[in-house]
Amino acid sequence: MSVKKLVFSFVVLFIIDAFGPPRLTAQQQMSKSVRESAHSMLQMIASDIKRHYYDPNLHDLDWDAIVTQTKHRIDESSSFDEAIGHIAAAVDTLNDSHTVLLPPQTVVNASHGYVHDWRALVPVSNLRHDYGWGYEIIGERCFITRVRPGSDAEKKGLHVGDEILSINGYHPERATIQKAEYVLNVLRPQTELKLEAMDPTGVKRRFTVAAKVEQVPMMSQFEQGARSIRAYEDMEHLFRPRVAEFGGELEVIKVPNFLLSLDAVQGLIAKARKHKALIIDLRGNHGGSEETLQFLLGGILDHEVKIGEEATRSGRKPLIAKSAHNTFDGKVIVLIDSTSMSAAELFSRVLQVEKRGVVMGDRSAGMVMGAKTYHYQVFGAAVYYGVSIAEADMVMSDGKSLERIGVTPDEIMIPTASDLAQGLDPVLAHAAETLGVKLSPEAAGKLFPYEWSQ
């Protein structure tokens, strides 16, 4: 008989404390009705997790005791945001990549859906924010990888290649960076952040960097429709595959996500067949649909392959990729990094197991669960919250899961702080050279420049 464990996510609570309360909106004090709403949220979420989580034993956690303790913490909370933090921490005790609280947010125009945040995880409130800079774990250190032109970050002197030593006292590390991003972008968005950074020469500096905060106005149905079209066109542009060709020797495909149709994948493979070798760049790819994963593998493999088995509470179901009629049969290199997630990780690992290609770069994120989002309503018709619940784990054909482990490249190669600062891409350059094509790190860094959303 297993012993039930009572565990709380102190990591999330620590990060919440570091970032502090959200400063985009006024704190909502805990009246009796607000406290009751928090209890109702906890009850709905806890019930659905117990009913739908892929592991019916909930990793041997004493879930009922965790929920009871969270009720007590809600009773002791002085604000609604504090109560939300305790609910988020309770959900996080399951410690998987896809089971998270999606906190209540106001829908700007309920009849036309949500304004989404950068990860498209949850609807955001009618106050949108943009920090103006991005970062990434490279190896075991955290570096600035982009700074938006005209942002406060640029004005304050934050540069690509600077190492982030702390954010509001939190030290970024691979094991907790996804939780920090969740707190920073979803649970506790801030109007400013205090950073400690070190430039490539070793000089340390402190910054207080303001976010750009915009009020999203209420709009007519016509204006909402126009806004939706512009947003769709912007995302379609940002998420398009980008291709670079080097004669008949090599094609490089930058694949930003796995949300491509069969026709789109077939088009990419048809173009690739005109070359002797192919580099598939999955760095920064957060995954997408199983269908795209199957299509892309089918265009590379000359035989049917079992990607793995989806392990759910009701059993296991194999996920199969069937070979296409006209596959690419040349050499293949796949590039990944710490932000390669989900389907991008599965694709890379299958090519390793099948010995079909070489994987280069940095260890991937280890976020491969299959999840479903459950939505609820509170405070009237225009405020929603939800929970993403992992309903399946993917067990690879070698019997192992990539969750919290990730894909270890066949050849680990990461850029240095100086490489980042100079806009160099030594990883892509090395991959090209391995396939017989000379490509300088400087030229490689210019192939697929980062594109900001509007």
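**View 1. Helices α2 and α4 run roughly parallel to each other.** In this predicted model, the axes of α2 and α4 (residues 80–92) come within 10 Å and cross at roughly 15°. Axes here are lines fitted to C-alpha atoms, for helices over the stretch in contact, and angles run from 0 to 180 degrees between N-to-C directions. That crossing angle is why the pair counts as roughly parallel (under 35 degrees; over 145 is roughly antiparallel, 65 to 115 roughly perpendicular, and the rest oblique). The crossing is right-handed, meaning the near helix is turned clockwise from the far one by less than a right angle. Look for Val34, Ala38, Met41, Leu42, Ile45 and Ile49 on α2, which meet Phe80, Ala83, Ile84, Ile87 and Val91 on α4 (contact is heavy atoms within 4.5 Å). Sorted by class, this contact has eleven nonpolar residues, no polar ones and no charged ones.

**View 2. Helices α2 and α3 pack at an angle of about 165°.** Here α2 covers residues 32–52, α3 covers residues 63–76, and their axes are 10 Å apart. That makes α2 roughly antiparallel to α3. Once again α2 makes a right-handed crossing, this time with α3.

**View 3. Asp60 sits in the loop between α2 and α3.** Asp60 and Leu94 are 34 residues apart in sequence, yet 9.8 Å apart in space, C-alpha to C-alpha.

**View 4. Zooming out, the protein chain has 13 helices and 18 strands.** These are DSSP runs, helices being H or I of at least four residues and strands E of at least two, numbered from the N terminus. Of its 454 residues, 52% count as buried.

**Notes.** Residues are numbered from 1 along each chain as its sequence is written, and side-chain values use heavy atoms, leaving out hydrogens and water. Because the model is predicted, local features need pLDDT of at least 70 and side-chain atom pairs count only at pLDDT 80 or more, while totals for chains, interfaces and linings use all residues.

How values were computed: Buried means under 20% relative accessible area, exposed over 50%, partly exposed in between (1.4 Å probe, protein chains only). Ala, Val, Leu, Ile, Met, Phe, Trp, Tyr, Cys and Pro count as nonpolar, Asp, Glu, Lys and Arg as charged, and the others, Gly among them, as polar.
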